[in-house]
Amino acid sequence: MRYIEQEKVVRRMNGRMVVNRVFQGLFMFATALALLALVILLYRIVSQGAGHLSLDFLTNFASRFPDQAGIKAALVGSIWLMAVVAPTSILLGVGSAIYLEEYAKKGRITTFIQMNISNLAGVPSVVFGLLGLTIFVRALALGNSILAAGFTMSLLILPVIIVAAQEAIRSVPGELRDGSYGMGATKWQTIVRIILPAAIPGILTGSILALSRAIGETAPLIVVGIPVIIQFLPEGVMDTFTALPMQIYDWSSRPQAEFQTVAAAGIIVLMVVLLFMNSIAVFIRNKFDKSY
Amino acid sequence: MRTSVQELIAKSKDKKSKKIIEKLIPILLFLIASVSVLTTIGIVLTLIIETVTFFTRVPLSDFILGTTWLPFANSGAQFGIWPLIVGTLKITGIAIIVAVPIGISAAIYLSEYASDNVRRIVKPVLEVLAGVPTIVYGFFALTFVTPVLQSFFPEIKIFNAISPGIVVGIMIIPMIASLSEDAMSSVPKSIRDGALAMGSTKFEVAWKITVPAALSGIIASVVLGLSRAIGETMIVSLAAGSTPKFDGDFTGSIQTMTAYIVQVSKGDAGYGTTIYYSIYAVGFTLFLFTMAMNILAGYMSKRFREEY
């Protein structure tokens with residue numbers, strides 16, 4: 001008995017090669033489509049908004065008149081928001097990561113916290129807004145202040161920072177740790193002087209990426225009641241404020257076509273801020289990319 | 001005067017403060033780590049407590065069985081959740097139709113066909129696509145996709161389910177593509193090499209070896225994408241309108257659960273009104289939907305994982 005019928009194999013070979021080619025083309029086409037979507041998106045926004053960009057746009061407050069509308073209050077507000085979110089979320093995130101990686105005993109509680117973190121990452125941002133509205137705005141009576149919005153955003157990005165920091169800490173090789181203990185250092189000394197310095201590039205990269213998510217989030221801000229039209233700059237964390245995505249949302253949802261141009265210009269500003277933050281992250285990743 | 005190393009060590013060992021720090025730090029860090037657990041408890045408690053208040057005013061059966069959502073009516077307001085669920089499902093359905101074929105195809109292309117150079121370019125670009133804020137996608141849906149669709153199908157209105165559905169699909173492509181690609185890349189090379197050595201074409205390897213072996217990861221990525229689409233807020237708030245409808249119409253204005261929460265938060269629904277509490281009931285429903293999806297995804301990737 002013959003195991004392979006050579007004629008049959010030869011006969012079917014061409015067809016199989018054609019199928020392979022066709023599907024290769026299809027898969028490539030699908031990938032190209034996804035990339036094309038990004039190109040169209042960026043092109044549309046730049047071509048729509050570039051005309052409205054000027055120094056006045058950056059230094060004017062919001063206005064009823066499209067040609068005078070500026071983004072000053074939103075830009076400054078977003079910076080204030082980050083000034084609250086960055087320290088809060090990084091402190092909580094890195095602290096949690098150190099606990100989980102260095103102190104927690106592998107057991108039920110650790111598994112539970114870990115599972116909780118990954119579930120928290122899947123909760124829609126609008127639900128975090130409801131949490132912020134109830135706890136920070138009403139129960140703690142922070143009102144629609146920078147602090148209330150900042151705490152809400154910090155909790156939203158906390159899971160991302162914890163996971164990034166955990167990975168960074170885990171990638172610090174065991175020999176460094178053993179070396180430090182061998183020299184008589186205590187656990188905390190080892191963490192502060194050996195592990196954290198080695199893990200900092202990874203922690204920073206992850207944190208910046210998480211912060212760039214927070215700076216583009218709109219839904220939680222709407223739910224906690226952040227206003228849009230603001231004609232002054234905040235002077236402290238208890239003041240109310242507006243932020244870039246809120247301002248863009250307001251302009252986009254206005255019926256007048258002129259405001260779409262203003263919205264596109266606002267999006268360009270937001271995307272430039274994001275690009276800036278991401279390039280810092282990439283720079284840190286490349287600069288400090290030590291492989292042990 | 002110089003002190004010997006031994007003396008230094010002895011001195012530092014005597015320090016009380018150091019011992020206290022070593023004891024206190026783990027407790028402090030444990031408290032920090034519990035913030036994430038407290039957040040979950042906070043979310044669940046807030047949603048439950050405010051939802052219960054809502055149900056003291058609107059009967060539970062009206063909420064889960066009703067097919068009319070008319071919260072702003074002056075008299076006889078109705079709170080039947082189904083129109084909002086149907087709106088959410090319309091968006092999610094279109095998004096999945098767009099994202100699953102493209103996302104999985106891209107994943108197969110990247111893991112099976114693409115050279116290292118292509119992969120090095122395409123993957124970061126997909127990451128950029130994933131990092132675009134949803135408000136930007138919403139603006140894109142409203143000012144570009146809708147007009148383009150209207151020029152082909154004049155019956156489509158300015159607010160509709162199709163355009164935001166497509167754009168939500170574009171938004172979740174990177175997620176499905178990268179998670180599926182991770183699953184396919186973790187299929188051992190030896191299995192692929194075996195099939196190739198037997199004379200399989202690359203397509204046969206992808207279709208009969210890699211995809212079945214990575215199926216749990218691929219399905220998990222789709223379920224996570226679903227969960228993302230259900231919870232997506234800004235795209236639908238901007239481009240899908242605010243008309244809760246219990247029908248099969250895709251061309252006109254609809255409303256999703258998330259868009260309702262935004263609509264109420266934007267207007268000044270006074271604290272303590274039934275409308276105010278209704279956003280928690282809707283939020284709780286939304287939370288249950290996404291939670292079910294996330295648990296399912298976790299289960300899928302654990303239960304059907306093939307070990308090599």
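User: What is pLDDT, and how does chain B score?

Analyst: pLDDT is the predictor's confidence in each residue, from 0 to 100. This is a predicted model. In chain B the mean pLDDT is 90, and 96% of the residues reach 70 or more.

User: What does chain A average?

Analyst: Chain A also has a mean pLDDT of 90. Here 98% of the residues score at least 70.

User: Which elements of chain A have the lowest and highest mean pLDDT?

Analyst: First the general idea. Where pLDDT is low, the predicted coordinates should not be read in detail. Now the case. Helix H2 of chain A, residues 55-59, has the lowest mean among the elements of that chain, at 83. Helix H6 of chain A, residues 146-170, has the highest, at 95.

User: What ipTM and pTM does the predictor give the complex?

Analyst: The ipTM is 0.91. The pTM is 0.91.

User: How many helices and strands are there in chain A?

Analyst: Chain A has eleven helices and zero strands. Read from the N terminus, its elements run α-α-α-α-α-α-α-α-α-α-α.

User: What is the radius of gyration of chain A, and what does the globule rule give?

Analyst: The rule gives 19 Å for 292 residues. Chain A has 25 Å, well over that value, so the chain is more spread out than a compact globule. Along the principal axes, its C-alpha trace spans about 90 × 65 × 35 Å.

User: And chain B? What are its secondary structure, radius of gyration and box?

Analyst: Chain B comes to 13 helices and two strands. The C-alpha atoms of chain B fill a box of roughly 90 × 65 × 35 Å along the principal axes.

User: Now helix pairs. At what angle do H7 and H8 of chain A cross?

Analyst: Start with the cut-off: angles over 145 degrees count as roughly antiparallel. Helix H7 (residues 174-182) and helix H8 (residues 187-216) of chain A cross at roughly 160°. H7(A) and H8(A) are therefore roughly antiparallel to each other. Their axes come within 10 Å. The crossing is right-handed.

User: Which residues meet between H7(A) and H8(A)?

Analyst: From H7(A), take Leu176(A), Arg177(A), Ser180(A) and Tyr181(A). They meet Thr190(A), Ile194(A), Ile195(A) and Ala198(A) in H8(A). By class, the residues of this contact are five nonpolar, two polar and one charged.

User: How do H4 and H7 of chain B pack?

Analyst: Read the angle and the axis separation together. Helix H4 (residues 82-113) and helix H7 (residues 162-185) of chain B pack at about 35°, with axes 6 Å apart. H4(B) and H7(B) make a right-handed crossing. Their contact holds 21 nonpolar, six polar and two charged residues.

User: Next, the interface. How many residues of chain A are in contact with chain B?

Analyst: Count each side separately. Chain A puts in 65 residues, in contact with 64 residues of chain B. Helix H1 of chain A, residues 6-49, supplies the largest share of the chain A side, with 18 residues. The chain A side divides into 43 nonpolar, 19 polar and three charged residues.

User: Where does H1(A) meet H4(B), and how do their axes cross?

Analyst: The axes of H1(A) and H4(B) come within 8 Å and cross at roughly 115°. This crossing is left-handed. Residues on the H1(A) side include Gln24(A), Phe27(A), Met28(A), Thr31(A) and Leu33(A). On the H4(B) side, Pro101(B), Ile102(B), Ser105(B), Tyr109(B) and Tyr113(B) are among them. The contact of H1(A) with H4(B) has twelve nonpolar, three polar and no charged residues.

Terms used. Residues numbered from 1 in each chain as written. Chains lettered and ligands numbered in written order. Predicted model: local features only at pLDDT ≥ 70, side-chain atom pairs only at ≥ 80, totals over all residues. Axes fitted to C-alpha atoms, helices over the stretch in contact; angles between N-to-C directions. Helix = DSSP H or I, 4+ residues; strand = E, 2+ residues; numbered from the N terminus. Left-handed = near helix turned anticlockwise from the far one by under 90°. Nonpolar A, V, L, I, M, F, W, Y, C, P; charged D, E, K, R; others polar. Contact = placed C-beta atoms within 7 Å. Parallel < 35°, antiparallel > 145°, perpendicular 65-115°, else oblique. Rg over C-alpha atoms; globule rule 2.2 N^0.38 Å.
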